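Work through the two exercises below with the sequence and the model open beside you, and try each task before you read its solution.

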Amino acid sequence: MIDGFCKTNVPGIYAIGDVAGPPMLAHKAEHEGVVCIEAIKGLHPHAMDKNLIPGCTYCQPQIASVGLTEARGEKRAAARSASGVFHSSATARRSRSARTRAWSR
Ligand SMILES: Cc1cc2nc3c(=O)[nH]c(=O)nc-3n(C[C@H](O)[C@H](O)[C@H](O)COP(=O)(O)OP(=O)(O)OC[C@H]3O[C@@H](n4cnc5c(N)ncnc54)[C@H](O)[C@@H]3O)c2cc1C
């Protein structure tokens, strides 16, 4: 388990890529490497947002996607309305930055 800057719960130990957990994608691994090193160097990178990781499948023809699928989006919206939680985009932004602050601790 890592935070948004690839820190594990062991001080001084970071993890990136497949060993850091899903999604197991090349672009996720590469970007975690950048975020991790920038954090170690004190460059204040943005925290990883797993909702924004592109999925590129290196097949023929190549396939790429980013964000939720329609089915997952509908499932998430249904779960939110079932729990009575409503998110405007401003609320979502606020909770995202709260998450980022929590990660950076
Ligand atoms: C068949 C297959 C197809 C895939 N297709 C896609 C795709 O289309 N798109 C996509 O985004 N992702 C794909 N992936 C996933 C992607 O390859 C991984 O998510 C990504 O490579 C993870 O990067 P990583 O740095 O964590 O691990 P790796 O890229 O596996 O790098 C780990 C490195 O550590 C080395 N290593 C291991 N043990 C030791 C040791 N003891 N000492 C020193 N070095 C060691 C390994 O040799 C390796 O070079 C695919 C994976 C597989 C297996």
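**Exercise 1.** By class, how many nonpolar, polar and charged residues does the lining of the largest pocket have?

*Solution.* Begin with the source: this is a predicted model, in which local features need pLDDT of at least 70 and side-chain atom pairs count only at pLDDT 80 or more, while totals for chains, interfaces and linings use all residues. Residues are numbered from 1 along each chain as its sequence is written, and side-chain values use heavy atoms, with hydrogens and water left out.

The largest pocket holds about 310 Å³ of space, and of its 14 lining residues, Lys50, Ile53, Gly67, Leu68 and Arg72 are the closest to its centre. Sorted by class, the lining has 6 nonpolar, 5 polar and 3 charged residues.

**Exercise 2.** Which residues are around the ligand?

*Solution.* Look for residues with a heavy atom within 4 Å of the ligand; they are Gly17, Asp18, Met24, Leu25, Ala26, Ala29, Cys56, Thr57 and Tyr58. By class, this shell has 6 nonpolar, 2 polar and 1 charged residues.

Then search for polar contacts, pairs of N or O atoms within 3.5 Å. A polar backbone atom of Ala26 is 2.8 Å from an oxygen atom of the ligand, and a backbone N or O atom of Leu25 lies 3.3 Å from a ligand oxygen atom.

Definitions and conventions:
On a 1 Å grid over the protein atoms alone, a cavity is a set of points where a 1.4 Å probe fits but cannot get out, and a pocket is an open set with protein on both sides within 12 Å along at least five of seven lines; lining residues have an atom within 4 Å of a point. Grid points are joined across faces, edges and corners, and a volume is the space filled by probe spheres set on the points. Ala, Val, Leu, Ile, Met, Phe, Trp, Tyr, Cys and Pro count as nonpolar, Asp, Glu, Lys and Arg as charged, and the others, Gly among them, as polar. A polar contact is a pair of N or O atoms within 3.5 Å; within protein, one must be able to donate a hydrogen and the other to accept it, and residues adjacent in sequence count only if both atoms are side-chain atoms.
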